[in-house]
Amino acid sequence: MKQGFRYFIKSLLIFIAPPVIYLLLALIGSVIPVNSNSEIENTDIEIYLYKQDMHTDILLPVKSEIIKWDRIFKPEHTLSNPQNSEFIGFGWGDLNFYRNTPQWEDLKLDVAFKALFLRSQSALHTRFYQKIPVSENLVKISVSEDQYKKLTEYILETVNAENKGEIQPVSGLHYYQDDAFYLAETSFHLFKTCNTWTNSALKASGLKACLWTPFPKGIFDQYSD
């Protein structure tokens, strides 16, 4: 009887320990700030962080002196071919997850398992915005030209755009009339989620971020008043 009980406790601990450790690491990583003391002058470019459910996008001006995004991620790659959009949103994730989970209520256990634990193709999701959406889950960040250049380099490296020439969208995959998906580098996994990608983009650009987080809260907490 005692041996059976001990076996049950050990099995329970083995089952519970990994998610507890993961959440603990996420908590610790999210409260350790990165680039929090950097003071940059001439922050003339405005970008936005946009949270939708558990996913975070980076919204950037379509056209600037540094880059014209619509020459790379073209409006004609979308269903509606929007013209004169002011902003373009970028998010990263697992391609199979994107295909099968347009809404969080569509989430299936096998799709989530494959995304988190198996090596698979990732994708960059882009969406054009005529204007910045009105949302309480939106944070404006003022950045310098140097920070913005680093951010553009990070995004271009995600799809290896500088070496591929004209990149092509993933055929037949759209969430909206004004969005498109592109095959991306690296693989989505338990320790590199869509929010980890956004947080890493901020870190690489010299912007406020946290050490590591798989969730949106760790990112947005760095910009809370």
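Me: Is Thr196 buried or exposed?

Reply: Thr196 is buried, with a relative accessible area of 6%. Keep in mind that this is a predicted model. Buried here means under 20% relative accessible area. Across the protein chain, buried residues make up 46% of the 225 residues.

Me: Where is Thr196 found?

Reply: Begin with the element, then look at the whole chain. Thr196 belongs to helix α6, residues 194-204. The protein chain has seven helices and eight strands.

Me: What is Thr196 in contact with, leaving aside its neighbours within four places in sequence?

Reply: For Thr196 the list is Phe191, Trp212, Thr213 and Pro214. Trp212 is 16 residues away along the chain, yet the two C-alpha atoms are separated by 6.6 Å. For the chain overall, take the contacts between residues at least 6 apart in sequence: 77% of them join residues at least 24 apart.

Me: Which backbone oxygen does the side chain of Thr196 reach?

Reply: That of Thr213, at 3.0 Å. Thr213 itself sits in the loop between β8 (209-210) and α7 (216-220).

Me: Is Thr213 buried or exposed?

Reply: Thr213 counts as buried, at 1% relative accessibility. A polar atom of the Thr213 side chain lies 3.0 Å from the backbone oxygen of Phe215. Beyond four places in sequence, Thr213 has contacts that include Ser30, Asn199 and Ile219.

Me: How many strands form the open sheet, and in what order?

Reply: To read a sheet, follow the strand order across it. Six strands are arranged as β6-β2-β3-β4-β5-β7, with antiparallel pairing. β6 (138-143) and β7 (179-184) are at the edges; each has a single partner strand, so one side of each lacks a neighbour in the sheet. From one strand to the next, the twist averages 25 degrees.

Me: Over how many bridges do β4 and β5 pair?

Reply: Eight bridges, in the antiparallel sense, link β4 (residues 87-94) with β5 (residues 122-129).

Me: Which strands does helix α4 touch?

Reply: For a helix on a sheet, note the strands touched and then the angle. Helix α4 (residues 145-158) packs on the sheet and touches β2 (45-52), β3 (55-61), β4, β5, β6 and β7. Its direction makes about 120 degrees with that of β3.

Me: Which strands does α6 lie across?

Reply: α6, the helix that holds Thr196, lies across β2, β3, β4 and β5. It runs at about 40 degrees to β3.

Definitions and conventions:
Residues are numbered from 1 along each chain as its sequence is written. This is a predicted model: local features need pLDDT of at least 70, side-chain atom pairs count only at pLDDT 80 or more; totals for chains, interfaces and linings use all residues. Side-chain values use heavy atoms; hydrogens and water are left out. Helices (H or I, at least four residues) and strands (E, at least two) are DSSP runs, numbered from the N terminus. Buried means under 20% relative accessible area, exposed over 50%, partly exposed in between (1.4 Å probe, protein chains only). Contact means heavy atoms within 4.5 Å. A polar contact is a pair of N or O atoms within 3.5 Å; within protein, one must be able to donate a hydrogen and the other to accept it, and residues adjacent in sequence count only if both atoms are side-chain atoms. Two strands pair if DSSP finds at least two bridges between them. Axes are lines fitted to C-alpha atoms, for helices over the stretch in contact, and angles run from 0 to 180 degrees between N-to-C directions.
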